[in-house]
Structures are given as structure tokens and as C-alpha cells.
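Subject: Structure for your review

Dear colleague,

I am passing on the structure below, and my notes on its strands follow. Please read them beside the coordinates.

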Amino acid sequence: MKKFLFSLLAAVMSVLIIGCQNNKKVETMIEKSLYGKLPNGKEVYEFRLHNTSGMQVNIINYGAIVRSIIVPDRNGKFEDVTLGYDSLTGYINDNSYQGSIVGRYGNRIGKGQFSLEGVNYQLTVNDGENHLHGGKIGFHKVLWDAKVVSDTGEPALVLTYVSADGEEGYPGNVTVTVTYTLTNNNELRIDYNGTTDKPTILNPTHHSYFNLTGNPANTILDHQLMIDADTFTPVDKGLITTGEKKSVDKTPMDFRTPFAIGERINDKFEQLAFGKGYDHNWVLRNYDGKVNKTVELYEPLSGRLMTVYTDQPGMQFYSGNFLDGSINGKKGIGYQYRTGLCLEAQCFPDSPNKPEFPSVTLRPGQEYNQTTIYQFSIK
Ligand code: BGC
């Protein structure tokens with residue numbers, strides 16, 4: 001009987017929410033439900049954040065993963081614009097960092113080695129001979145503590161993870177907090193904070209795969225991209241930065257004005273051959289440590305526009321070149337080549353080995369902070 005009443009209540013709630021969504025009058029709110037259990041029996045929860053204009057963001061506390069971002073197209077049709085999985089098992093088995101927070105170090109560190117204050121460190125090697133996205137059990141594969149905050153009028157979820165000294169080879173006990181806020185301006189705002197008890201490195205980022213068509217059967221090649229950057233950091237064959245900054249001028253890396261991603265992606269250009277497409281870090285022009293507008297991604301059919309704001313010096317644009325149809329994502333759809341793209345705000349890749357790049361060193365008594373905002377609108 002209890003079970004029946006609960007199901008009835010849940011059904012009524014869903015109808016109310018969908019009804020409200022149609023009227024575009026959703027109350028600001030967060031719903032929480034059990035999403036699944038990890039093999040060790042620990043429970044994973046899903047948090048569904050709604051704003052006043054009907055946008056919805058679903059987040060789980062495993063991997064601090066954003067499961068869905070549901071936004072309207074120019075006709076008011078709400079669709080999910082991110083890739084991912086239906087069930088927890090999908091995320092447990094995933095090796096493409098779907099929707100997660102990656103860290104401690106987002107992107108690659110050559111041979112997984114660096115030295116800090118005279119000490120050499122060897123990190124887990126998980127990408128050929130290099131370290132990628134925090135290692136095998138990085139921030140994307142752990143359970144985060146979750147706390148709901150909704151008294152500000154905008155739903156927010158505070159996720160905390162304590163990474164132990166030596167985890168994946170990194171020094172220091174590091175406490176990381178990621179706050180996801182869904183604003184009433186249709187923004188997913190991500191605020192990061194980190195502290196340590198030993199000198200270490202910290203450079204987390206967010207790894208959602210976007211497809212603004214709302215249909216992952218489409219590629220992202222017709223999306224138009226603008227990146228506010230005059231230079232990028234070239235890579236070698238193993239996708240490790242060389243330490244240079246190269247001008248984007250007269251190259252397929254020039255996104256200073258909007259270009260369709262597919263327009264030049266197959267040009268004969270060594271950097272594109274190394275990345276199997278775009279998989280590079282752009283040096284953001286207006287970097288001054290404050291939150292600036294840096295990227296615009298526009299999808300002409302739906303009219304959806306995503307604008308990325310960040311206080312970081314770099315932006316990795318990855319065009320989904322390693323997606324190959326082998327992932328069965330949401331609704332069982334196989335995610336094919338270039339059907340999702342990532343825009344990862346960060347410090348320049350391999351920065352611990354490149355003194356000429358901005359530093360990612362974090363010392364006891366200091367605080368790491370990052371703010372990155374993905375804003376959705378219609379054009
Ligand atoms: C990297 C790619 C990598 C992918 C893994 C991206 O952030 O830039 O090189 O293959 O993550 O899914």
C-alpha cells in the first residue's frame with residue numbers, strides 16, 4: 001500500500017513537472033532519487049535541478065557526472081544536449097569521461113612525470129605512455145559527498161571529494177569541492193575549490209560531450225564554433241604540448257570568427273592529423289583571472305547557442321574523434337565518430353613540465369578556485 005501511494009505521488013509529481021514545463025513556469029527546485037548502487041554497495045544518487053524557465057540538469061554524485069542538460073530549441077522543444085548513459089553501469093564501464101569532473105589533472109602529463117620542489121613524482125600512466133585526466137581512478141570514478149542548496153532561489157549541488165595523499169601518484173591530501181548551480185538565466189555554473197596539505201598540482205575540468213541538435217545520431221560537424229584565441233598550444237604525435245604557442249592565423253585552428261567545425265577538420269594540417277581532428281588547447285585571448293566570455297557554439301537547425309565563460313587561461317576543444325560507435329549510450333544509441341564535442345576550461349596541458357605555461361602548483365594555505373559557466377540561449 002505504502003509502495004502504491006509512493007508511486008502515485010511520484011506519478012503526480014512528474015505530471016506536475018511536465019505540465020509546468022510546458023507552461024514554462026517550473027518552480028525552482030531539486031529532486032533527489034536513488035540512481036543505483038556501486039559494486040561495493042554504496043548508493044549513488046541523482047539530483048534533478050530545475051530552473052524557472054524549464055531548463056533541467058541531472059547530476060549524479062558518482063564522478064560528479066552531469067547526466068543530462070535539457071534545454072529548449074527555437075520552437076520551445078526541450079531536448080537533452082549531452083551524451084551519456086541511462087544506467088549507472090554505463091558510467092562505471094565508461095572510459096570516455098562522459099559528463100564527469102576530471103582530475104586532479106585534466107588533460108595530459110607527458111610520461112606521467114613531473115617534479116615539484118625537488119621531488120620527482122610518477123603518476124598512473126593510462127594513455128599510452130602518458131597520464132590523462134587524473135588516471136584510472138580519477139575524480140570521474142569516485143563517489144562524491146553531495147549537499148543540496150536551494151535557499152538562494154537557484155538550485156545548487158555541492159559535491160565534495162577528499163583525494164588521499166598518493167592517490168594515482170599525486171602528493172598531498174586534497175579536498176575538492178565542485179558546486180553546480182542552475183541559474184535562472186539558463187546557465188550551468190561550475191565553481192571549483194581545492195586545498196592541500198602538501199605542495200601538489202591541481203587542474204580539474206568538466207568533460208560533458210555536447211550535441212546541440214538534441215539528437216546524438218547527428219554529428220557535431222555543422223555546429224558553428226567561435227573561440228576567442230589568437231594562438232593555440234601545438235602537440236606532438238602523443239598529444240603532448242611542445243611548449244610553443246602558435247598563431248591560428250591562416251590555419252584550420254582559427255575560430256576567431258565562427259566556423260562550422262566540419263569545414264576544415266579534414267584539411268591537410270599536421271596538428272589535425274595528430275589529433276585525428278580537433279583535440280587541442282587554445283590560449284584564451286582575454287585571460288586575466290576573471291570570468292570572461294571565451295567560446296560560442298551555435299547549432300543552426302535547432303537555433304541553440306551555448307556560450308562558455310571561464311576564468312581559466314586555456315580551452316581544450318575535443319571534437320569526439322575517439323568515439324567509434326562502440327559506446328551504447330542513452331536509449332541504446334551507439335555514439336559514432338564526432339557525435340559529441342567537449343569544451344574543457346583548464347590550464348595548458350602538460351603545464352607541470354612546461355615552466356613557460358601558467359602554473360598549476362597548489363601549496364598548503366593556498367586555495368584553488370575556478371569558475372566556468374555553460375550558458376544556453378536561442379539565436
Ligand atoms: C582529450 C582527448 C581524449 C578524451 C578522452 C579529451 O579531453 O582531449 O584526447 O581522448 O578526452 O575521452
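An open sheet is formed by five strands in the order β1-β2-β3-β4-β5, with antiparallel pairing; here strands are DSSP runs (E, at least two residues), numbered from the N terminus, and two of them pair if DSSP finds at least two bridges between them. Because β1 (29-37) and β5 (78-80) stand at the edges with a single partner strand each, one side of each is left without a neighbour in the sheet. Neighbouring strands of this sheet are turned by 20° against each other on average, direction ignored, where the axes are lines fitted to C-alpha atoms and angles run from 0 to 180 degrees between N-to-C directions.

This is a predicted model, in which local features need pLDDT of at least 70 and side-chain atom pairs count only at pLDDT 80 or more, while totals for chains, interfaces and linings use all residues. Residues are numbered from 1 along each chain as its sequence is written, and side-chain values use heavy atoms, with hydrogens and water left out.

Within the sheet, β2 (residues 43-50) pairs with β3 (residues 56-60) in the antiparallel sense over five bridges, and R48 has N58 in β3 as its bridge partner.

Eight bridges pair β13 with β12 (residues 156-163) in the antiparallel sense, and T160 has T177 in β13 as its bridge partner. Strand β13 also runs antiparallel to β14 (residues 187-196), joined by nine bridges, with T181 opposite R189 in β14.

Best regards

Note on methods: Helices (H or I, at least four residues) and strands (E, at least two) are DSSP runs, numbered from the N terminus.
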